[in-house]
Amino acid sequence: MKKIVFVSVFLIWMAIGVSAQDSGAAFAVNHYAARNFISGALTAAELDTVLQAGISAPSARNRQPWHFTVVRNQALAKRIVPDVSDGNVLIIVSAAGDGRTNGAEILDCALAAQSIYLAAQAIGLGSRIYTGPIDAVNRNLKGDLGFPAGHSAVVLVRVGKVRTVDAASSASGRKAASALVTYK
Ligand SMILES: Cc1cc2nc3c(=O)[nH]c(=O)nc-3n(C[C@H](O)[C@H](O)[C@H](O)COP(=O)(O)O)c2cc1C
């Protein structure tokens, strides 16, 4: 009897481990820039999860140079990304500098943005990274957004509800690994 219980527990443990690896591998590949946002507010827990993902991102010398400005006000969000759906949140990642030439901080902020982007999709939300509006944000909206002194926006992530998270069919094509990877 003891043997049967042990074998069953072992098999369940193996199955959970293998399926977790499978879903992890699938998720690592199957993300996409959402274009199918729908109206709907994020819960506080969802917003907290994606922000924690940004806060937990790696940064050079762990300096964590970023600040996260969460734009929930729809009128303000529409001035930045005109086609936002009701309930979408824009998370603007800023750092000290002008947002263009402070290269080290830009790299760190980009990683934080990517962490937010992936975390949102991991919990069934849609997300899309934007740099197109950044110059206009820095020119016109710093005051309204209340960035920390000396900060400029680097990148923003739009997070919101989507009809379905269907990365396999929604992502655009990618170049072939054979054209991108060199093994030595
Ligand atoms: C650094 C960066 C900047 C981007 N800026 C914009 C943008 O300004 N506007 C936009 O609609 N999409 C923007 N995107 C989204 C890309 O167009 C999208 O990630 C890319 O086309 C791949 O999409 P897919 O993953 O759905 O295939 C940006 C993505 C990245 C990584």
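The dialogue below takes the ligand site and then the aromatic pair of this predicted model.

Q: Which residues are around the ligand?
A: The list is made by distance, with a residue included if one of its heavy atoms lies within 4 Å. Here it runs over Tyr32, Ala33 and Arg35, then Arg128, Ile129, Tyr130, Thr131 and Gly132, and finally Ala171, Ser172 and Arg174.

Q: How many residues of each class does the shell around the ligand have?
A: Each residue is put in one of the classes nonpolar, polar or charged. In this shell 5 residues are nonpolar, 3 are polar and 3 are charged.

Q: How much of the ligand's area does the protein bury?
A: The reference is the ligand taken alone, which exposes 630 Å². Of that area, the protein buries 61%.

Q: Which residues form the aromatic pair, and is the pair stacked or tilted?
A: The angle between the planes decides: under 30 degrees is stacked, over 60 is edge-to-face, and the rest is tilted. The structure has 1 aromatic pair. Trp66 and Phe68 form it, with 6.1 Å between centres and 45° between planes, so the pair is tilted.

Q: Why does Trp66 count as buried?
A: The cut-off is under 20% relative accessible area. Trp66 counts as buried because its relative accessibility is 10%. Phe68, at 14%, is buried too.

Definitions and conventions. Residues are numbered from 1 along each chain as its sequence is written. This is a predicted model: local features need pLDDT of at least 70, side-chain atom pairs count only at pLDDT 80 or more; totals for chains, interfaces and linings use all residues. Side-chain values use heavy atoms; hydrogens and water are left out. Accessible areas come from the Shrake-Rupley method with a 1.4 Å probe; for residues, only the protein chains shown count as cover. Rings of Phe, Tyr and Trp (its six-membered ring) pair if their centres lie within 6.5 Å; planes under 30 degrees apart count as stacked, over 60 as edge-to-face and the rest as tilted. Buried means under 20% relative accessible area, exposed over 50%, partly exposed in between (1.4 Å probe, protein chains only).
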